[in-house]
Amino acid sequence: KNSYHTRAMALYKIGKYQDVIKDCDKYIELNGENINMDVLFLRAAAEYKLKQYEKVVDDMKIAIFVKESCGAYYYRDLANYKLGHFRLAVSDIKKAIELKADVLETYDDKLPKLLEFGVNIGVNIFGKSKDHHPKTERPIGLKGIKGSDL
C-alpha cells in the first residue's frame, strides 16, 4: 500500500492529478480504518487542482474530525471560497490563522485577494452562504466511525 502513496506523490509533481486521486483512493481502501493524513491531504490537493472543490471540503472535514490543523482549515477555506460559501470560507481562514499565525505565508495555493482583504480588515464583506454538507461515495478511510456528521 505504501507504493500507492509514493507513486501518488510522484504523479502529483508531474501534474497527473486524476491518477493521484486513484492511487490515494486505493491506498485508503487497502489501509482500512487507519487514516494517513498525508494521503488525505495529497488527495485533497489533487482534487483542488482539478477544481473538485466539494471533494476537497469532504476530505478536509475528515482531516479536521481526526485532528484539527491549520492546513485542513486553510484548504477547506479555499474550496469553500471557490464554491461561493463565503461565510464558511471566512470562518475557516480565521480558524487556520488562530492555529498558526503565519498560515498565509505557508502554502503555495494563496488566498484570493478579496478573501485576504476581508480577513485582514476583520469585516464580513460577504453575503450569506449556503449551508453546504456534501457527501461522497468514495473511500474515505472512516469505515469504523458510524453516525458521525462528516
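A crossing of two helices is called left-handed if the near helix is turned anticlockwise from the far one by less than a right angle, and right-handed if clockwise. Helices here are DSSP runs of H or I of at least four residues, strands are runs of E of at least two, and both are numbered from the N terminus. By that convention, α4 passes α5 in a left-handed crossing.

Before going on, two notes on the source. This is a predicted model, where local features need pLDDT of at least 70 and side-chain atom pairs count only at pLDDT 80 or more, while totals for chains, interfaces and linings use all residues. Residues are numbered from 1 along each chain as its sequence is written, and side-chain values use heavy atoms, with hydrogens and water left out.

Two packed helices are described by the angle between their axes and the distance between the axes. The axes are lines fitted to C-alpha atoms, for helices over the stretch in contact, and the angles run from 0 to 180 degrees between N-to-C directions. Under 35 degrees counts as roughly parallel, over 145 as roughly antiparallel, 65 to 115 as roughly perpendicular, and the rest as oblique.

For α4 and α5, the angle is about 155 degrees and the axes are 9 Å apart. So α4 is roughly antiparallel to α5. Contact means heavy atoms within 4.5 Å. On the α4 side the contact includes Tyr53, Val56 and Met60, and on the α5 side Tyr73, Arg76 and Asn80 are among the residues. By class, the contact of α4 with α5 has ten nonpolar, two polar and three charged residues. Nonpolar covers Ala, Val, Leu, Ile, Met, Phe, Trp, Tyr, Cys and Pro; charged covers Asp, Glu, Lys and Arg; the others, Gly among them, are polar.

Next, α3 and α4. Their axes come within 8 Å and cross at roughly 160 degrees, which means α3 is roughly antiparallel to α4. This crossing is left-handed. Among the residues that meet are Arg43 and Glu47 in α3, and Asp59 and Met60 in α4. The contact of α3 with α4 holds eleven nonpolar, no polar and four charged residues.

Now the salt bridges. A salt bridge is a side-chain nitrogen of Lys or Arg within 4 Å of a carboxyl oxygen of Asp or Glu. How many does a search of the whole structure find? The count is nine.

Asp59 and Arg43 form one of them, with the closest N and O atoms 2.6 Å apart. This pair links distant parts of the chain, with Asp59 in helix α4 (residues 53-66) and Arg43 in helix α3 (residues 37-49), 16 residues apart. Are Asp59 and Arg43 buried or exposed? Both are buried, where buried is under 20% relative accessible area, exposed is over 50%, and partly exposed is in between, using a 1.4 Å probe and protein chains only.

Arg76 and Asp92 also meet in a salt bridge, at 2.7 Å from N to O. That pair, too, links distant parts of the chain: Arg76 is in helix α5 (residues 70-82) and Asp92 in helix α6 (residues 86-99), 16 residues apart. Arg76 is buried at 17% relative accessible area, and Asp92 is buried at 3%. Salt bridges that share partners join Asp25, Arg43, Glu47 and Asp59 into one network.

Leaving out residues up to four places away in sequence, Asp92 touches Tyr73, Arg76, Asp77 and Asn80.
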